[in-house]
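Have a look at the structure first, then go through the notes.

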Amino acid sequence: MLEIAEAIRRFEGDSSGPADAVALAPLRDAFGLSRFELDVVALCAGCVLEPEVATRLGGPLTLALALAKLSDGHLDAMAADTPLFLHRLVHASEGTHKLGAQLSIDERVLQFLLGIASLDERLLPYADLVDEVAVSLADRHVELAGQIARVITRTATSPVIQIHAGDAATRRAIAHGVASASNLRPLRLRAAVLGVPPVELSVLQRICVRESRLANVLVVVDIGPFDGTDAIRWARAFCDGMNSALVVTAADPIPLARGSVASFEVPSATTDERRTSWSRALGGHALRTAPELDRISHQFRLEPQQIRDVAVGLDPEATPVDLWDACLARSRPRVEDLARRIAPTATWDDLVVSTNARTQLHEMVTQLRHRHRVHEQWGLAREDSRGQAITALFSGPSGVGKTLAAEVIAHEARLDLYHVDLSQVVDKYIGETEKRLRRIFDDAEAGGSILLFDEADALFGKRAEVERGTDRWANLEVSYLLQRMERYRGLAILTTNAKHAIDTAFLRRLRFVVPFTFPDADLRAELWRRAFPAAAPVGTLEHAKLARLQLTGANIKNIALRAAFHAAEQDTDVTMTHVVRAARSELAKLEQPFPEAEVRGWGLRD
């Protein structure tokens, strides 16, 4: 190589010839090498490529030898933070002082000088050099990628860019777009595998910085949707130790110690954009022009790639209901540790409540079904998202049908119902409750699932007077839940057994407040009439008499089940005797006295 020959001539005291070696210029420019440092790299490369170089040097190349022979040598070159050693361009043998240590060129740097396009093999367990992505971006995402690229280009320091929200595939595609707009290639590191000892992490960071200059790559740290808190902690440690521009993709921004952090939220596709994506993905399918596609596009916030995935798996004879169910399954949140999904099967016929409650429940279903028309087509939505939220409080004693009503609504609207026990979500540690609530709402947003927050009194007591530090945080948790409910696109329901314990200021912010009262005699008689399905062998039951028992719908259901087992044991129809026997057991369980005088004249068998 001409460059090696020129370095040797300078080593031997001949300063004539080109001042800079042409092939070494990119390395010099990438790392800001001095002429002396550039000669050291060239001589180290010569010792590997041309055996006679070592002979002409008079032995192994050391820093002391280079300093003695090269006129422009400087002691600063031996410092650990100089380009030669900071970026591992050359290595010094261990066991002796750096001045006397034998120098050798790094394998990756040698490949770069030889024009071999490769990635440092030590990155292979951690990173992928991405060439193409499967997700095609919407116009607004392309614009966002260009905006981020301009921030990277114009920032003098090495910025950290965080891309958050949206689905994981779209975040990664935007990061790829940022790299392309910056004339770089994305080097994607998986956060889940960054949990290495500090020494190894430091080496990995230096290699990534070096690759960003040798291979013109943009380092992208990807925190996947299923990565836990450990992966986030590892990603933070990696980013804080980096000295080059990098991008972090995650569902939420992560706190970093290093400065120059810019955060960009991935905007959700509009209903019209999703409608266009559906038409393209469905191709010649009859559903591509179905009027129901407007409601589906509004209900399910799926990204273009997710829409294509659903369309590919669709049966050629699929109906709008089939498409709805496929979208429901695709957007189902993964919050099993915080909420229980209820497969809704109950109908209006199963629900016995007051006329007032039933009217409000019907209105809630109506708003769920037609909000896409009212909010978007008719333009009645407010500028912020609060106008689209449907919030409700179901109040009343246990067993009067609050959860059943939520199930009926979910069944009628053909949506998932998630039961969240607030007493389990509330955490004594400051900030943990908000994190859990945020995860529930964020995960459920894509499909607009119905969220049922049970035991709201665990959080929604009278607003605490700020006498202790914990009172202030408790109030913040309440405010946070209300804010998220008001921003949620779906239906969020709170239930409580003690409405009087909830601050009226909170009640005013809810769209519906539905009272579920203790059933009167007429409602109890209706509950008894519906207690046994048509297939059950039921004899003559006097519903008016049974209605005299002060029981809720849940109690009546338990009694009916127990009475059926009594009848099955005797291989006979269900009779009043079986029911009364079961009622005694139910009230005993509740530690309530049984009204013996009430049933004395009913003519029951012993």
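Strands β6 (residues 217-222) and β7 run parallel and pair over four bridges. Val219 sits opposite Leu246 of β7 in that pairing. Keep in mind that this is a predicted model.

**Strand β7 and its neighbours**

- On its other pairing, β7 is joined to β4 (residues 160-164) by five bridges, and these two strands are parallel as well.
- Ile163 has Thr249 of β7 as its bridge partner.
- β6, helix α11 (residues 229-240) and β7 together build a β-α-β unit, and the unit is right-handed.

- Zooming out, β7 belongs to an open sheet of six strands with mixed pairing, in the order β3-β5-β6-β7-β4-β8.
- β3 (127-129) and β8 (261-265) are the edge strands, each pairing on one side only.
- On average, neighbouring strands in this sheet are turned by 25 degrees against each other, ignoring direction.
- Helix α8 (residues 139-154) packs on the sheet and touches β4, β6, β7 and β8. The direction of α8 makes about 175 degrees with that of β8.
- Helix α9 (residues 168-181) packs on the sheet too, touching β4, β5 (185-190), β6 and β7. Here the angle is about 145 degrees, taken between the directions of α9 and β4.

**Helix α15**

- Leu323, Trp324, Cys327 and Leu328 are buried in helix α15 (residues 320-330).
- Why do these residues end up on the same side of α15? Because they cover an arc of only 140 degrees around the axis.
- What covers the buried residues of α15? The cover includes α12 (271-282), α13 (292-299), α14 (304-312) and α17 (402-413).

**Aromatic rings**

- The count of aromatic pairs comes to four.
- One of them is Phe300 with Trp324: the ring centres are 4.9 Å apart and the planes stand at 75 degrees, which is over the 60-degree cut-off, so the pair is edge-to-face.
- Elsewhere, Phe441, Phe453 and Tyr488 are linked into a cluster by ring pairs.

**A loop residue: Thr82**

- Thr82 is found in the loop between α5 (63-69) and α6 (83-86).
- Is Thr82 buried or exposed? Its relative accessible area is 10%, which is under the 20% cut-off, so Thr82 counts as buried.
- Leaving out residues up to four places away in sequence, Thr82 touches Glu37, Asp76, Ala77 and His87.

Conventions. Residues numbered from 1 in each chain as written. Predicted model: local features only at pLDDT ≥ 70, side-chain atom pairs only at ≥ 80, totals over all residues. Heavy atoms only, no water. Buried < 20%, exposed > 50% of the residue type's maximum accessible area, 1.4 Å probe, protein only. Arc of directions from axis to C-beta. Contact = heavy atoms within 4.5 Å. Pairing = 2+ DSSP bridges. Right-handed = clockwise from strand over helix to strand, strands pointing away. Axes fitted to C-alpha atoms, helices over the stretch in contact; angles between N-to-C directions. Phe/Tyr/Trp six-rings, centres within 6.5 Å; stacked < 30°, edge-to-face > 60°.
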